Amino acid sequence: MPQHEHIECVQPTVERHGDQLVVLQRVEVALAARTVHHSALPLPRAARAYRAAHEREHRLWDTAYMPLVDPGPIIAQARERGRAVIGANVSTFQMVRGVVRAAENTNRPVLIQLNRSGLSLIGGVDVAALIVKTIADDSEAQIALHLDHADTLDELSLAINAGFGSVMIDGSTLPFQQHLTLAQSAKGLTTWSRLPLEAELGHVAGDEAGVTIGEASWTDPDEAARFVEATGVDWLAVAVGNTHGGPAIGGLQLDRLRSIREAVNITLVLHGASGLSDEELMSAVELGVAKINVGTALHQANAVGIADWLNEHPRDLRGALHEGENKVFESAKSLLTSTWAA
Ligand code: 13P
Ligand code: ZN
């Protein structure tokens with residue numbers, strides 16, 4: 001393109017020609033308008049190409065169109081104010097909508113999170129991203145999308161390509177050196193994509209679908225300092241008594257949390273919040289935790305809503321799904337209005 005020409009806008013459009021979708025990418029330049037890309041693809045591939053082009057162009061050319069927020073600044077801001085952002089684990093369309101409605105209703109930001117089990121239910125990272133983006137775009141709420149408990153670089157790349165705004169690499173059951181190497185590689189990937197990376201040191205055990213279950217091991221503050229220094233991860237999930245899907249084993253270890261806080265200066269994340277009391281969560285946030293993951297409580301709320309409805313109306317699936325969503329909304333709303341929530 002000659003130097004005096006500059007791109008004014010890029011507008012992908014789609015036309016249907018029989019069973020083919022034709023993707024037209026129209027580029028307006030200062031001196032002339034011309035079509036620079038014109039291709040005919042079979043329907044599903046064309047639809048996907050169109051969506052990707054559309055999202056790319058909007059991101060590049062129309063910054064007002066930002067359906068998902070960047071979780072980095074949201075969490076940094078919460079940390080400055082001595083609060084924590086909730087990472088809400090979901091597995092279905094109705095759960096996404098229940099959480100987004102709660103965020104909108106309370107005017108609080110939220111990270112929608114999916115782990116491997118949630119992704120397999122919802123239909124994978126592309127479907128998840130499309131659902132969350134579409135619902136978020138239709139809402140005033142600040143919604144971010146996070147990949148939870150992935151343990152391979154492939155999972156990370158797929159989620160990043162699909163439009164997730166932050167990811168977690170979970171090497172918490174690996175030997176220290178292997179874990180370090182994995183987290184360093186993951187950091188390479190997220191630095192390139194400019195996304196925050198979460199890792200877990202020590203191991204939060206317990207019973208949560210899709211999450212590696214193993215013996216709990218508590219985060220060692222000195223190891224945490226070495227790990228953060230060597231990997232450059234942005235957020236560190238700690239194991240300080242907390243478990244997935246249950247109460248803290250022997251209570252939350254606040255002294256350990258304080259020592260970790262003194263050893264590292266990055267955002268700390270607390271997993272397994274469903275089994276923790278409000279007081280425990282408040283104390284953790286006072287000690288620097290700025291992201292709190294909740295999954296079991298939201299799934300149980302959903303299940304109770306569905307089960308109760310079906311008990312009364314055994315054949316009414318629509319009503320049951322609706323009731324499940326309402327219960328997720330209520331549960332998320334009560335979490336988001338906690339005194340410690342951002
Ligand atoms: P709970 O299921 O115990 O709330 O834990 C959620 C979690 O840690 C997701 O990563
Ligand atoms: Zn977790």
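Which residues are buried in α3? They are Gln-94, Met-95, Val-96, Gly-98, Val-99, Val-100, Arg-101, Ala-102 and Ala-103. Buried means that 20 or more other C-beta atoms lie within 10 Å of a residue's own; exposed means 12 or fewer, partly exposed is in between, and C-beta atoms are placed from the backbone.

This is a predicted model, in which local features need pLDDT of at least 70 and side-chain atom pairs count only at pLDDT 80 or more, while totals for chains, interfaces and linings use all residues. Residues are numbered from 1 along each chain as its sequence is written, and chains are lettered from A and ligands numbered from 1 in the order in which they are written.

Start with the whole protein. Its secondary structure comes to twelve helices and eleven strands. Helices (H or I, at least four residues) and strands (E, at least two) are DSSP runs, numbered from the N terminus. The protein has 342 residues, and 43% of them count as buried. Take the contacts between residues at least 6 apart in sequence: 65% of these join residues at least 24 apart. A contact needs C-beta atoms, placed from the backbone, within 7 Å of each other.

Now return to α3 (93–106). This helix has 14 residues. From its first C-alpha to its last it reaches 20 Å, close to the 20 Å expected at 1.5 Å a residue. The expected span is 1.5 Å times one less than the number of residues. The buried residues of α3 pack against β4, β5, α5 (125–137), β6, α11 and α12.

After α3 comes Asn-107. Asn-107 sits in the loop between α3 and β5. Its phi is positive, about 60°, although Asn-107 is not a glycine. Most residues other than glycine have a negative phi. Asn-107 is exposed because 11 other C-beta atoms lie within 10 Å. Arg-194 also has a positive phi, near 55°, and is a residue other than glycine. Arg-194 lies in the loop between α7 (176–193) and β8 (197–201). Arg-194 counts as exposed because it has 9 other C-beta atoms within 10 Å.

Move on to α12, residues 317–336. This helix has 20 residues and reaches 28 Å from first C-alpha to last, close to the 28 Å expected. Its buried residues include Ala-320, Glu-323, Gly-324, Val-328, Phe-329 and Leu-336. They pack against β4 (85–89), α3, β5 (110–114), β11 and α11.

How do two packed helices get described? By the angle between their axes and the distance between the axes. For α11 and α12 the angle is about 145°, with the axes 7 Å apart. Axes are lines fitted to C-alpha atoms, for helices over the stretch in contact, and angles run from 0 to 180 degrees between N-to-C directions. The crossing of α11 past α12 is right-handed. A crossing is right-handed if the near helix is turned clockwise from the far one by less than a right angle, and left-handed if anticlockwise. Among the α11 residues that meet α12 are Ala-297, Leu-298, Ala-301 and Trp-309. The α12 side includes Gly-319, Leu-321, Lys-327 and Ala-332. By class, this contact has eleven nonpolar, six polar and four charged residues. Ala, Val, Leu, Ile, Met, Phe, Trp, Tyr, Cys and Pro count as nonpolar, Asp, Glu, Lys and Arg as charged, and the others, Gly among them, as polar.

A second pair is α7 and α8 (residues 221–231). Their axes come within 9 Å and cross at roughly 35°. This crossing is right-handed. Phe-176, Leu-180, Ala-183, Gln-184 and Lys-187 in α7 meet Glu-223, Phe-227, Ala-230 and Thr-231 in α8. The contact has five nonpolar, two polar and two charged residues.

Next, the ligand. Around ligand 1 there are 16 residues, and His-271, Ser-274, Asn-293, Gly-295 and Thr-296 come nearest. A residue is near if its C-beta atom, placed from the backbone, lies within 6 Å. Two or more shell residues come from each of β6 (143–150), β11 (289–294) and α11 (296–312). The shell divides into three nonpolar, eleven polar and two charged residues.

Last, two exposed residues. Glu-140 is in the loop between α5 and β6. It counts as exposed because it has 10 C-beta neighbours inside 10 Å. Glu-140 and Ala-103 are 37 residues apart in sequence, yet 8.8 Å apart in space, C-alpha to C-alpha. Asp-154 is in helix α6 (residues 153–162). Asp-154 is exposed, with 9 other C-beta atoms within 10 Å.

Notes: Contact = placed C-beta atoms within 7 Å.
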